[in-house]
Amino acid sequence: MNRAVRRSPRQDRSRFTVDTLLEAAAQLFGRDGLAATTNHIAERAGTSIGTLYQYFPDKQAILRALAQRHVAEAAARLGAVLDELRATEPPFESALRAVLDVVVDLHRDHPGLHALMHRTALREAGELAAIHALEDHLASEIAHHLRRCDRGGPDPAFTARILVHTIDAQVHRVHPRHPMITDDLMAVAGRLAPPASAP
C-alpha cells in the first residue's frame, strides 16, 4: 500500500488542514499510541474522515509524516546550533549543553509520540538515510569539540558516536516514561567523556 501523503497541501487552507490533522495526531499518538485511529484523529482535528483521507491513506502515513517533519526540524535546529558552535568554540560543556538544550526542547511535547515514531515510523531507505545523515553530522561535530577540548580519550570520533547513540536511547527509550532535563543528559555525557584530568 502506498503510505505517502496522498495530496500536497498547496494552498494556505490545505496547509492549515494538514497541520491541524498532524497536531491532533501528535496528541492522540502521544496519549494512546497505535490505538489511536483515523476516526479519532479526524474528530480531534474537527474535520471529517473524508477530509483526512484526502491527505493520508491511513494512520501509518500520518505517523510517518509526523516523523519526517520531526527529523527535518531537528536537522535544521541542530544544524544552526552546530554552525554557531563551530564559529564560537566554547568550552566543551557549554558546547554540549547548547546541543542538548535543543534535543530536550525538540522532545519536550508528546514524549510518547517520539518513542512511537522512533520504533515504527521511518523504515524506507531514504528516510533512514536522512536519520543516519543527522546522526553522522552530530557525531562529527561533537568529535570536533572533543578533540579541541582534549576530551574523548584516544578515539574522540568513537566516543562521539557512543555519545550520540546513548543520548538517542535516553531520549527515545528512557525518558518517554520520565521527565527529561538537560542536566540528566549532561550527566550521562560526563560519564562517557570525562575531562582529561578526571580519574
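## Burial and the predicted model

A residue counts as buried when its relative accessible area is under 20%, as exposed when that area is over 50%, and as partly exposed in between. By this rule Arg-151, with a relative accessible area of 8%, is buried. The structure described here is a predicted model.

## The largest nonpolar core

The largest nonpolar core holds 31 residues, and the members that touch the most others are Leu-78, Leu-96, Val-99, Ile-142, Leu-146 and Leu-185. At least two residues of this core come from each of the following helices: H4 (59–88), H5 (92–106), H7 (125–148), H8 (156–174) and H9 (182–192). Helix H5 makes the greatest contribution, with 9 residues.

Leaving aside residues up to four places away in sequence, Leu-78 touches Val-99, Val-102, Val-103, Leu-106, Leu-134 and Leu-138.

Side chains of opposite charge can pair when their charged atoms come close. In this model the count of salt bridges comes to 7.

One of them joins the side chains of Arg-151 and Glu-93, with an N to O distance of 2.6 Å. Arg-151 lies in the loop between H7 and H8, whereas Glu-93 belongs to helix H5, so the pair ties together parts that are 58 residues apart in sequence. Arg-151 is buried at 8%, while Glu-93 is partly exposed, with a relative accessible area of 37%.

Another salt bridge connects Arg-97 with Asp-183, whose closest N and O atoms are 2.9 Å apart. This pair also links distant parts of the chain, since Arg-97 is in helix H5 and Asp-183 is in helix H9, 86 residues apart. Both partners are partly exposed: Arg-97 has a relative accessible area of 32%, and Asp-183 has a relative accessibility of 45%.

Arg-31 is exposed, with a relative accessible area of 57%, whereas Asp-32, at 30% relative accessibility, is partly exposed.

Key:
Residues numbered from 1 in each chain as written. Predicted model: local features only at pLDDT ≥ 70, side-chain atom pairs only at ≥ 80, totals over all residues. Heavy atoms only, no water. Core = buried A, V, L, I, M, F, W, Y, C linked by side-chain atoms within 4.5 Å. Buried < 20%, exposed > 50% of the residue type's maximum accessible area, 1.4 Å probe, protein only. Helix = DSSP H or I, 4+ residues; strand = E, 2+ residues; numbered from the N terminus. Contact = heavy atoms within 4.5 Å. Salt bridge = Lys/Arg side-chain N within 4 Å of Asp/Glu carboxyl O.
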